[in-house]
Amino acid sequence: MSEKRSLFFRIRVGVLLVVLVGVGIYAIRDIRSRRERNEWERTLNVAVIVMADADVDPLAVRNLRARAPLLAAKLRAEMKRFRGAEFSPFRFEVVGPVAIETLAPSPRGDGLLDLAKYAWENSRWVSRTDDRAGVNAGAYDTRIYVTVHKPKSEDRSFIEGRSQEGGHIGTVDVELDAEMSDTALIVIAHEMFHTLGATDRYDATGRIELPDGLGDPKQVPLYPQMKAEIMARNRAVSPVKELIPIRIDELAVGEKTAGEIGWK
């Protein structure tokens, strides 16, 4: 190997080592920050970044912002059931709305390359959205990006979410009207709990898992359940019938979920 080629090789190895060290330091800091959230020594700051179509009713977004403190108060009460002390676990800030530029990317498959490509595309999409909304990502423990559309039907509205389990980012896609703010906030809370390590309480068909998916597994009689477990999303009104919760006060955090996020 010539002296020139040897020098180039050493430079290339040096650059790669610097990159690897940088990635390693970032990964360690990220893992520590995720664990620190679940110690509950401080209130977590959660940004709800709203992107809306031009035809969305402004009242729908205003209601979402107005009802967010009620969600924070409900989760404070749920935490108190497990830890006793008065403590506010979450502070929500609703940002926007800003115009929808592009929809959040979706994974194209389960392969390693598919997931890597999705992670890259999602990172770029999040960064662009933060810039347009004026969001400082470092100021928040979790960011939930909510894409809002006008409902296509008066009878049914679509709502769906996705998030990084144990991460910092979640997305919600919702057809929102002025009456749906509580349901949307419940789904936002569901995705937020995923970022804190909580897992779903429903099976592959979408049915509530028993008993942990019930709002109160010790309720007598068992049905109809008065509460909807946050990671089940639906409320069981009979052994075969479930309803989507429409009020924040229907929300409950079950014991297994509380354990997953560090409340027990």
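The questions and answers below set computed values against definitions.

The model is predicted, so local features need pLDDT of at least 70 and side-chain atom pairs count only at pLDDT 80 or more, while totals for chains, interfaces and linings use all residues. Residues are numbered from 1 along each chain as its sequence is written, and side-chain values use heavy atoms, with hydrogens and water left out.

Q: What makes up the chain in terms of helices and strands?
A: The chain has 5 helices and 9 strands. Helices (H or I, at least four residues) and strands (E, at least two) are DSSP runs, numbered from the N terminus. In sequence order the pattern is α-β-α-β-α-β-β-β-α-β-β-β-β-α.

Q: How do you know that the length of helix H4 agrees with its number of residues?
A: The expected span is 1.5 Å times one less than the number of residues. For the 15 residues of H4 (residues 181-195) this gives 21 Å, and the end C-alpha atoms are 21 Å apart, so the two agree. Just after H4, glycine 197 has a positive phi of about 105°.

Q: Why is H4 called largely enclosed?
A: Buried means under 20% relative accessible area, exposed over 50%, and partly exposed in between (1.4 Å probe, protein chains only). In H4, 15 of the 15 residues are buried, so the rest of the structure largely encloses this helix. Over the chain, buried residues make up 42% of the 264 residues.

Q: Why is histidine 194 called buried?
A: Histidine 194 belongs to helix H4. Its relative accessibility is 8%, so histidine 194 counts as buried.

Q: What makes the pair of histidine 194 and alanine 198 a polar contact?
A: A polar contact is a pair of N or O atoms within 3.5 Å; within protein, one must be able to donate a hydrogen and the other to accept it, and residues adjacent in sequence count only if both atoms are side-chain atoms. A polar atom of the histidine 194 side chain lies 2.8 Å from the backbone oxygen of alanine 198.

Q: Is lysine 227 buried, exposed or partly exposed, and how do you know?
A: Lysine 227 has a relative accessible area of 30%, so it is partly exposed. It sits in the loop between H4 and strand S6 (228-229).

Q: Which residues does lysine 227 touch, leaving out those up to four places away in sequence?
A: Contact means heavy atoms within 4.5 Å. On that basis lysine 227 touches Lys74, Gly215, Arg235, Asp249, Glu250, Leu251 and Ala252. A polar atom of its side chain lies 2.7 Å from the backbone oxygen of aspartate 249. The C-alpha atoms of lysine 227 and glutamate 250 are 4.6 Å apart, although 23 residues separate the two along the chain.

Q: Why is threonine 129 called buried?
A: Its relative accessible area is 2%, so threonine 129 is buried. Threonine 129 is in helix H3 (residues 112-133). Not counting residues up to four places away in sequence, threonine 129 touches Ile49, Met51 and Tyr145.

Q: Which residues line the largest cavity?
A: A cavity is a set of points, on a 1 Å grid over the protein atoms alone, where a 1.4 Å probe fits but cannot get out; lining residues have an atom within 4 Å of a point. The lining consists of Glu101, Thr102, Trp125, Arg128, Thr129 and Arg132.

Terms used: 1 Å grid on protein atoms, 1.4 Å probe; cavity = no way out; pocket = protein on both sides within 12 Å on 5 of 7 lines; lining within 4 Å.
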